[in-house]
Amino acid sequence: MRPGRVEICGIDTSDLPKLSHRETLNLIDQAQGGDKTAKDSFLMANLRLVLSIVQRFYGKKESVDDIFQVGCIGLIKAMDNFDTSLNLRFSTYAVPMIMGEIRRFLRDSSSIRVSRSIRDTAYRILQARQKMEADTDTEASLEDVARNLDMPLSEVVYAMDAISNPVSLFDPVYHDGGETVMILDQLSDLKNNDETWLTSVTLSQAMDKLTARERQILLLRFYEGKTQVEVSSEIGISQAQVSRLEKNAISVLKKNI
């Protein structure tokens, strides 16, 4: 392997040419004028820029090669629309356009369909956040973005959550060679744990030992909260019978749990 070689998406970055600022502007002028050779040379020389951005999106569900191709589309758009008369560095203009193209691709190909209005809101937030970070050279919080856009923080958080990629509870978060810890293992559920599950199963089995009328009485008494008098009126027996059947049913449950 040659020194300094880095291969990404099947491209050896050590083989990519490097352009000076003046060479970049000249090739853009020629490419915008219809020179196909200049266009190909310019795009090849700037693949390194696309690859550096693609690396930020490693770990996404989509193929890295797909993301790279979308990034190249952003590069072409940046080249076609760049104004060389402003004498700006091309990368300053191209990076936001390439990242925007990739983010739109990831957003539109998400497995969860999000409404157009929410996606547009999220895109505005991403653009504002990127501009704020470029201006201040510090990471912008969602609170900062909300103030900048004069939007409620809850709306900003909701929009950003909506375009986040879903993850599986069975995705690994740690692996030591022998045991894999999944996201599911890191979650705590005080309601649906082994103890409550076992109690539910035991109670269900005990209820099966009751008669249909006893189950009906317990349902009316303890689930719907009715009095014994109300229960006796509803099922057509005396209050004394309701009391006796209720006591018997509770006794059976205690014996079987």
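Which side chain makes a polar contact with the side chain of Thr84? I looked this up before anything else, bearing in mind that the model is predicted.

**Entry 1: Thr84**

I found the partner to be Asp29, whose side chain makes a polar contact with that of Thr84 at 2.7 Å. I placed Thr84 in the loop between helix H4 (64-81) and helix H5 (90-108). Is Thr84 buried or exposed? Its relative accessible area is 17%, and buried means under 20%, so Thr84 is buried. Not counting residues up to four places away in sequence, I noted that Thr84 touches Leu25, Ile28 and Asp29.

**Entry 2: Helix H1**

I checked its length: at 1.5 Å a residue, the twelve residues of H1 should span 16 Å, and the end C-alpha atoms are 17 Å apart, which agrees. I listed its buried residues as Thr24, Leu25, Leu27, Ile28 and Ala31. Viewed down the axis of H1, these buried residues fall within an arc of 165°, so they line one face of the helix. Two of them, Leu25 and Ile28, are among the residues that Thr84 touches. Just after H1, I recorded a positive phi of about 105° at Gly34.

**Entry 3: The nonpolar cores**

Which residues have the most contacts inside the largest nonpolar core? I found Phe90, Ile98 and Ile102, in a core of 30 residues. I then followed Phe90. Leaving aside neighbours within four places in sequence, Phe90 is in contact with Thr24, Ile28, Phe42, Asn46, Leu49, Leu75, Ala78, Met79 and Phe82. Apart from this core lies another, of 16 residues, including Ala122, Ile125, Ala146 and Ala159.

**Entry 4: Thr136**

I located Thr136 in helix H6, residues 116-136. At 47% relative accessibility, Thr136 counts as partly exposed. What does its side chain meet? A polar atom of the Thr136 side chain lies 2.8 Å from the backbone oxygen of Met132. I also noted a polar contact between the side chains of Thr136 and Thr138, at 3.0 Å.

**Entry 5: Helix H11**

Which residues of H11 are buried? In this helix, residues 228-235, I found Gln228, Val231, Ser232 and Ile235 to be buried. Why do they lie on the same side of H11? They cover an arc of only 100° around the axis, which puts them there. I asked what covers the buried residues, and the cover includes helix H10 (212-223) and helix H12 (239-256). Just after H11, Gly236 takes a positive phi of about 80°.

**Entry 6: The whole protein**

The protein has twelve helices and four strands. Of its 257 residues, buried ones make up 32%. I looked up contacts between residues at least 6 apart in sequence, and 54% of these join residues at least 24 apart. The accessible surface comes to about 16,600 Å², and carbon and sulfur atoms account for 52% of it.

Methods: Residues numbered from 1 in each chain as written. Predicted model: local features only at pLDDT ≥ 70, side-chain atom pairs only at ≥ 80, totals over all residues. Heavy atoms only, no water. Buried < 20%, exposed > 50% of the residue type's maximum accessible area, 1.4 Å probe, protein only. Helix = DSSP H or I, 4+ residues; strand = E, 2+ residues; numbered from the N terminus. Arc of directions from axis to C-beta. Contact = heavy atoms within 4.5 Å. Areas by Shrake-Rupley, 256 points an atom, 1.4 Å probe, with all protein chains shown as cover. Polar contact = N/O pair within 3.5 Å; in protein donor to acceptor, adjacent residues only side chain to side chain. Core = buried A, V, L, I, M, F, W, Y, C linked by side-chain atoms within 4.5 Å. Expected span 1.5 Å × (residues − 1).
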